[in-house]
Amino acid sequence: EVYPRGAFCLVTPSSVDGLEARIRKIKETPPPPAEGEEPAEGEGEPMDEDAVTLPEEPPELTDEQKEEIAERLDKISRAMTGCDEDGLFTDVIVSLDDAPELAYGDLKSAIARVHPKLVVP
């Protein structure tokens with residue numbers, strides 16, 4: 001047996017470009033107001049969720065956010081090049097941008113293969 005008893009999994013995005021787009025979308029989306037938070041002065045009553053409009057242009061990312069994105073992309077790019085190495089991982093799971101729940105299911109299956117009592121269906 002090549003591996004000790006365990007599942008050595010790498011969950012990787014389908015592409016670096018897709019990951020970059022997803023990270024940028026997250027960074028450009030303003031956080032929701034905290035639960036129970038009063039509206040800011042001059043905002044009045046909260047509007048209906050359907051009536052909320054987002055700005056046409058996303059806010060410009062700060063230099064710090066751009067640097068953080070670049071670091072994350074560099075890190076995942078290095079991990080993705082290593083996933084081709086034979087015998088490094090027992091499972092390489094590709095996470096599709098529009099269906100991360102499929103990757104989660106694959107990860108649970110990989111772990112359940114080795115430790116069936118650890119993962120509950």
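**Notes on the predicted model**

1. V11 sits in strand β1. V11 has a relative accessibility of 39%, so it counts as partly exposed, a class that lies between the limits of 20% and 50%. Leaving out residues up to four places away in sequence, V11 touches I93, S95, A103 and L107. Y104 is 93 residues from V11 along the chain, yet their C-alpha atoms are separated by 9.0 Å.

2. The overall layout is brief to state. The chain holds three helices and two strands, and along the sequence they come in the order β-α-α-β-α. Of the 121 residues in the chain, 18% are buried. Among contacts in the chain with a separation of 6 or more, 77% are between residues 24 or more positions apart.

3. T12 is also part of strand β1, which covers residues 9-13. Is T12 buried or exposed? T12 counts as buried because its relative accessibility is 5%, and the class of buried residues takes in values under 20%. With residues up to four places away in sequence not counted, the residues that T12 touches are M80, V92, I93, V94 and S95.

4. Which side chain does D91 join through a polar contact? The partner is R113, and the contact between the two side chains is 2.7 Å. Apart from neighbours within four places in sequence, D91 is in contact with F8, C9, L10, A110 and R113.

5. The packing of helices α1 and α2 comes next. Two packed helices are described by the angle between their axes and the distance between the axes. Helix α1 covers residues 16-28 and helix α2 covers residues 63-82; they pack at an angle of about 150°, and their axes are 10 Å apart. This is why α1 is roughly antiparallel to α2, a label used for angles over 145 degrees. The α1 and α2 crossing is right-handed.

6. Which residues make the contact between these two helices? On the α1 side they are V16, L19, E20, I23, R24 and K27. On the α2 side they are Q65, E68, I69, R72, L73, I76, S77 and M80. Sorted by class, the contact of α1 with α2 has seven nonpolar, five charged and two polar residues. M80 of this set is also among the residues that T12 touches.

7. K27, one of the α1 residues in that contact, is worth a separate look. Its relative accessibility is 23%, so K27 counts as partly exposed. When neighbours within four places in sequence are left aside, K27 is in contact with L61, Q65, E68 and I69. K27 and E60 are 33 residues apart in sequence, while their C-alpha atoms are 9.8 Å apart in space.

8. R22 is another residue of helix α1. With 34% relative accessibility, R22 counts as partly exposed. How many residues apart in sequence are R22 and D98? They are 76 residues apart in sequence, and from C-alpha to C-alpha they are 9.9 Å apart in space.

9. S109 counts as partly exposed because its relative accessibility is 43%. S109 and V119 are 10 residues apart along the chain, with their C-alpha atoms separated by 8.2 Å.

Key: Residues numbered from 1 in each chain as written. Predicted model: local features only at pLDDT ≥ 70, side-chain atom pairs only at ≥ 80, totals over all residues. Heavy atoms only, no water. Axes fitted to C-alpha atoms, helices over the stretch in contact; angles between N-to-C directions. Helix = DSSP H or I, 4+ residues; strand = E, 2+ residues; numbered from the N terminus. Parallel < 35°, antiparallel > 145°, perpendicular 65-115°, else oblique. Left-handed = near helix turned anticlockwise from the far one by under 90°. Contact = heavy atoms within 4.5 Å. Nonpolar A, V, L, I, M, F, W, Y, C, P; charged D, E, K, R; others polar. Buried < 20%, exposed > 50% of the residue type's maximum accessible area, 1.4 Å probe, protein only. Polar contact = N/O pair within 3.5 Å; in protein donor to acceptor, adjacent residues only side chain to side chain.
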